[in-house]
Amino acid sequence: MDERTYTADAEPGDEATVAGWVHEIRDLGGIAFLILRDTTGKIQVKFEKDEMDDDLVETGLGVHRESVIRVAGAVEEEERAPTGVEIVPESVEVVAEADPELPLDPSGKVDAELPTRLDNRTLDLRKDEVKAIFEIRAELLRSVREAFRGLGCTEINTPKIVATGTEGGTELFPITYFGQEAFMNQSPQLFKQLMVGSGLERVFEIGPIFRAEEHNTPRHLNEATSIDFESAFFDESDAMDACETVVRAAYEGVAENCATELETLGLAETFEVPEESFPRLSYEEAIERINATGELDEQLVWGDDLPTEGERALGEEMGQHYFITEWPSEIKPFYIKDKEDDEQLSTGFDLMHPSMELVSGGQREHRYEHLVAGFEQQGLDPEAFEYYTKMFRYGMPPHAGWGLGGERLVMTMLGLDNIREAVLFPRDRQRLSP
Ligand code: AMO
């Protein structure tokens with residue numbers, strides 16, 4: 001058992017053993033201070049050289065920065081100490097020595113570029129502002145899970161090694177599976193849909209998706225975390241309601257439980273839980289409004305995907321989360337259902353943050369003949385998807401759902417410039433390790 005006291009719990013009058021990293025040593029001559037850091041904060045350790053054992057002073061002040069040490073002593077009140085208390089050490093043990101040369105400076109006094117930080121993520125995460133991002137990410141996922149439970153969902157886990165792709169427009173990563181061609185899964189799409197016809201009916205999954213995107217952008221990863229939802233007997237409007245509930249719950253959880261982290265990131269004053277309900281704009285209105293901004297060199301026409309600059313121009317006008325609905329059927333995947341009264345229009349929707357797309361979703365095609373015809377129209381071989389289509393012959397209810405990019409949610413919530421900031425060990429064109 002770890003019997004140390006966390007630095008944040010050390011109270012004046014305690015005899016405590018604290019353990020952690022040497023953040024800084026300040027030697028003022030007769031007196032010196034060592035700042036010890038652990039996951040809860042920092043504490044000052046005071047060395048009065050003339051009054052202390054020479055070996056103790058030598059061990060405490062001779063250790064390199066970022067070494068791991070254990071210090072036992074009396075906790076005393078000291079107004080001038082950064083946290084109002086300090087430890088007068090009776091023993092100092094060097095548990096794990098750090099090299100004198102560090103690849104980056106965890107005290108943050110010297111800035112490091114993102115690639116250096118990602119190469120040395122362990123050291124990078126010793127910085128309060130980096131650690132804060134991942135504490136918030138964890139809280140966000142906790143709140144999202146709770147919101148899904150509130151919506152009556154069951155959490156599922158589906159295979160990441162698969163036989164077929166589902167998301168046209170992004171490439172697959174092929175792998176060899178016992179001599180057979182297989183792929184890393186792009187989305188749990190087909191599996192989550194199969195569950196709405198099972199006894200589970202309403203499900204969610206939080207897991208990795210793999211996209212062999214060739215381009216290297218600040219908002220694309222080759223391995224991302226997808227937050228997926230699917231429910232029997234939902235239409236696209238119900239699915240949008242559920243999406244709004246989950247996104248708002250993520251903000252609420254962070255606002256409630258991450259005050260310190262938001263403060264560390266300089267967001268305490270500006271962080272806002274979205275209050276208003278998210279407006280729903282049709283695709284047609286969206287392209288008209290983008291065209292009216294005059295930001296694009298060429299006007300958008302019906303059937304165009306929205307270019308990044310277009311999304312940004314519209315986002316600036318909207319100034320909050322909003323849905324884009326009624327997309328042209330031709331630019332949505334085969335599993336999205338067309339509108340009942342107009343098959344040029346789909347039930348597909350996207351949830352947008354003012355700066356980027358966060359979610360795609362829609363009502364699904366649950367009628368067997370229509371589904372198979374849709375495969376053929378998209379140039380896909382229905383036979384390869386027989387494991388999926390077959391279940392639509394045995395009682396598949398109408399259903400709807402969506403997929404939310406976990407890192408994009410963290411990124412937009414915290415105003416990060418690069419999606420890689422929201423992943424411990426990002427996978428991109430250049431980065432396969434660590
Ligand atoms: P889509 O492909 O739009 O839809 O993905 C859903 C959401 O996942 C995030 N995302 C990514 N984030 C980072 N890097 C990437 N390369 C990346 N690709 C996607 C985005 C995106 O909005 N099966 C459908 C969802 C559904 O209909 O249920 C799907 O995967 O935030």
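The model is predicted, so local features need pLDDT of at least 70 and side-chain atom pairs count only at pLDDT 80 or more, while totals for chains, interfaces and linings use all residues. Residues are numbered from 1 along each chain as its sequence is written, and side-chain values use heavy atoms, with hydrogens and water left out.

**Ligand shell**

- There are 22 residues around the ligand, and Gln-189, Lys-192, Arg-211, Glu-357 and Ser-360 come nearest; a residue is near if one of its heavy atoms lies within 4 Å.
- By class, this shell holds seven nonpolar, seven polar and eight charged residues. Ala, Val, Leu, Ile, Met, Phe, Trp, Tyr, Cys and Pro count as nonpolar, Asp, Glu, Lys and Arg as charged, and the others, Gly among them, as polar.

**Ligand atom pairs and cover**

- A polar side-chain atom of Ser-187 lies 3.1 Å from a nitrogen atom of the ligand, and one of Glu-213 lies 3.0 Å from a ligand nitrogen atom.
- The side chain of Ser-360 has an N or O atom 2.6 Å from an oxygen atom of the ligand.
- The ligand taken alone exposes 620 Å², of which the protein buries 93%; accessible areas come from the Shrake-Rupley method with a 1.4 Å probe.
- Helix H5 (189-196), strand S17 (356-363) and strand S18 (399-405) are the elements that give two or more residues to the shell. Helices (H or I, at least four residues) and strands (E, at least two) are DSSP runs, numbered from the N terminus.
- S17 supplies the largest share of the shell, five residues.

**Cavity**

- The count comes to one cavity of 30 Å³ or more. On a 1 Å grid over the protein atoms alone, a cavity is a set of points where a 1.4 Å probe fits but cannot get out, and lining residues have an atom within 4 Å of a point.
- The largest cavity holds about 30 Å³ of space, a volume being the space filled by probe spheres set on the points.
- Its lining is Val-162, Thr-164, Thr-166, Asn-185, Ser-187, Leu-190, Phe-191 and Tyr-387; by class, four are nonpolar, four polar and none charged.

- His-399 is found in strand S18 and counts as buried because its relative accessibility is 0%, where buried means under 20% relative accessible area (1.4 Å probe, protein chains only).
- The side chains of His-399 and Gln-193 are joined by a polar contact of 2.9 Å; within protein, this is a pair of N or O atoms within 3.5 Å, one able to donate a hydrogen and the other to accept it.
- In helix H12 (residues 406-414), nine of its nine residues are buried.
- Just after H12, Gly-415 takes a positive phi of about 65°.

How values were computed
1 Å grid on protein atoms, 1.4 Å probe; cavity = no way out; pocket = protein on both sides within 12 Å on 5 of 7 lines; lining within 4 Å. Buried < 20%, exposed > 50% of the residue type's maximum accessible area, 1.4 Å probe, protein only.
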